[in-house]
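Please look over the sequence and the structure shown below before reading the report that follows. The text goes through contacts, domains and cores in turn.

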Amino acid sequence: MLNYVLSRLLTFVPTFFGVTLISFAFIRVLPGDPIIVMAGERGVSQERYDQLAAQFGFDRPMYVQFWEYFTGVLQGDLGNSFVTKKPVWDEFFALFPATLELSLCAMVLAIVLGLPAGVIAAVNRGKFFDRALMSTALVGYSMPIFWWALLLIIVFSGNLGWTPVSGRIDLLYYFPDPTGFMLIDSLASGQKGAFWSAIRHLILPTIVLGTIPLAVIARQTRSAMLEVLGEDYVRTARAKGMSPGRINSIHALRNALIPVITVIGLSVGTLLAGAILTETIFSWPGIGKWMVDSIFRRDYPVVQGGLLLIAVMVMIVNLTVDMLYGLINPKIRKR
Amino acid sequence: MSLLRIRNLSVDFATASGKFRAVDGVDQDVNTGEILAIVGESGSGKSVSMLAMMGLLPWTATVTADEMSFDGHDLLTIGKRERRRVVGKDLAMIFQEPMSSLNPCFTVGWQIKETLRVHLGLSRKACHARAVELFEQVGIPDPERRLSAFPHQMSGGMNQRVMIAMAIACKPKLLIADEPTTALDVTIQAQILDLLTSLRDDNGMGLVLITHDMGVVAETAERVSVQYAGQKIEEQPVLPLFQSPHHPYTAALLDALPERATEKHLPTIPGMVPGQFDRPAGCLFSPRCKYANSKCKAEQPAPQGPELGHARCFYPLNTDERIAS
């Protein structure tokens, strides 16, 4: 197992280098100049422009700039934001808990609803429930996320007034945030109504962000279950006189989980991408919104550093998923 | 009253191109302590009739019968919950492919203990003790250690022993073995058959052996039922069947045994088992039968009497007249 982890970590090296290079190149390919953006409407004189370009190192060849950035990254230095002048690293981890909280809630929603939905659909293959569920899942999967978000806001926040439109908590609450997770902090603060307010703020973003993974997980679970239900060992379980509930949820589901876990792992990438849109729509102060703002400001260090950190997160999640395979199916463990 | 009694069992499968009759009016009786072999080519409905009895067929199958009873339970009207109390406990089945019939995600110990826990409600400790005992009984060496092995860590023969241990865990009254040795090599085959026979001797259970291997039949069975294209076409005790088969199909099957071949070329039965669309109007075997005449091709023969092995044939072989003529 340890050897396996080490060999997997070794494959991180080229991926890491590639991601660093791509994130570095990506923002520079975009038209626009950070110095011009910083200067704003008043513009900037040529001397001042050259001075700033020299200060940020833009006057040197691209490969030198990259090399300096890359050696910095290896030492844990992602540079400072052009705008706030604060280290990218600090900013990222100040905002990341908000994104993590939202993503976790969305993932939990997707798994808690998606797995049983897929199992039930597979067991009732071809019947009304199956068809209704799978068409709903297809709609959910194909729906543009921003449109879905706006629709929910109009209905539940606008017309019905059940949920707040944006933010993480009502403004009247103020408390320290040692963990950065609003649900935990609001509960720890002991202020009346704070936790409830945090939950109400989470509902719509969670639904919006969780919709696509939910649809994907439900469909994947269904197809994996259908395949497994035709296997000989399921017939054996029935010949042993086991109840359908037990067969579906224990004998079959465990075997069907491998492709589902893969999809869940891949969804994490989608989730972080989706978080950017969702956070922007709901003014959720997480890394998604931060990244979008930084792209508009051409804040090179923030964009390249943020992308890199997100990519590393996704890599870690996928490694974890690979470890999980072995836990679920011992046949894979052996290799 | 026999342990298992089936009368006029038919199974139809709903397929995209219409109904397909896989089992056609089969009668079957098995007594306690008896070994019945059901033989026939692939597609003759041997497995399907037993799966129908166990209630293991997919939803596309329609099962009809005049009577289907096991140990006082009417399997036609039995409720799902009640059936689950019988199936796996008093009525057990083992399958052709031991490797794929065991769940790859669980240890074999977990899988056998599950049966013990669900049907007998044994405690953890008692389950473990009984599982070790069962593994010993089916000849698995080092049972304590093997209990925590996964199916992929064991050989096919060992896995089939695990399947057998699982099937006999609750001392069933009837064990159905669906081609238990097909996926195994010859030496292991003999061991598994010996094991099944000795378990029958020890536990006094009935044993139904589904096979297409006449060698296995000769070695193990006491009574043989020959199926063809979903119909039972002959049934005799094993010795008379091998000595004087009454149905031409049985005779042809026996002629095709390599051990019996006298000529340079092994005799074969020309043609194939009729499928969904080429089912003949008369005797189902008539297109391949060397004795068939126009009557055979036009009319379905009814089974003969027990003295002629219930052979579904107008002109059964090895009757006294025929020997005389």
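Two residues are said to be in contact if their C-beta atoms, placed from the backbone, lie within 7 Å. The model is predicted, so that local features need pLDDT of at least 70 and side-chain atom pairs count only at pLDDT 80 or more, while totals for chains, interfaces and linings use all residues. Residues are numbered from 1 along each chain as its sequence is written, and chains are lettered from A, with ligands numbered from 1, in the order in which they are written.

By this rule, 22 residues of chain B are in contact with 18 residues of chain A. On the side of chain A that touches chain B, helix 10 of chain A gives the most, with six residues; helices here are DSSP runs (H or I, at least four residues), numbered from the N terminus.

Chain A is divided into two domains, whose bounds come from an automatic or database domain assignment.

| Domain of chain A | Residues |
|---|---|
| Domain 1 | 32-77 |
| Domain 2 | 88-333 |

The C-alpha centres of these two domains of chain A lie 38 Å apart, and their contact takes five residues from domain 1 and five residues from domain 2.

A nonpolar core is a set of buried Ala, Val, Leu, Ile, Met, Phe, Trp, Tyr and Cys residues joined through C-beta atoms within 7 Å, where buried means that 20 or more other C-beta atoms lie within 10 Å of a residue's own. In the largest such core, which has 144 residues, B:Ala165, B:Leu174 and B:Val208 touch the most other members, and helix 11 of chain A supplies the largest share, 15 residues.

Technical notes: Helix = DSSP H or I, 4+ residues; strand = E, 2+ residues; numbered from the N terminus. Buried ≥ 20, exposed ≤ 12 C-beta atoms within 10 Å, placed from the backbone.
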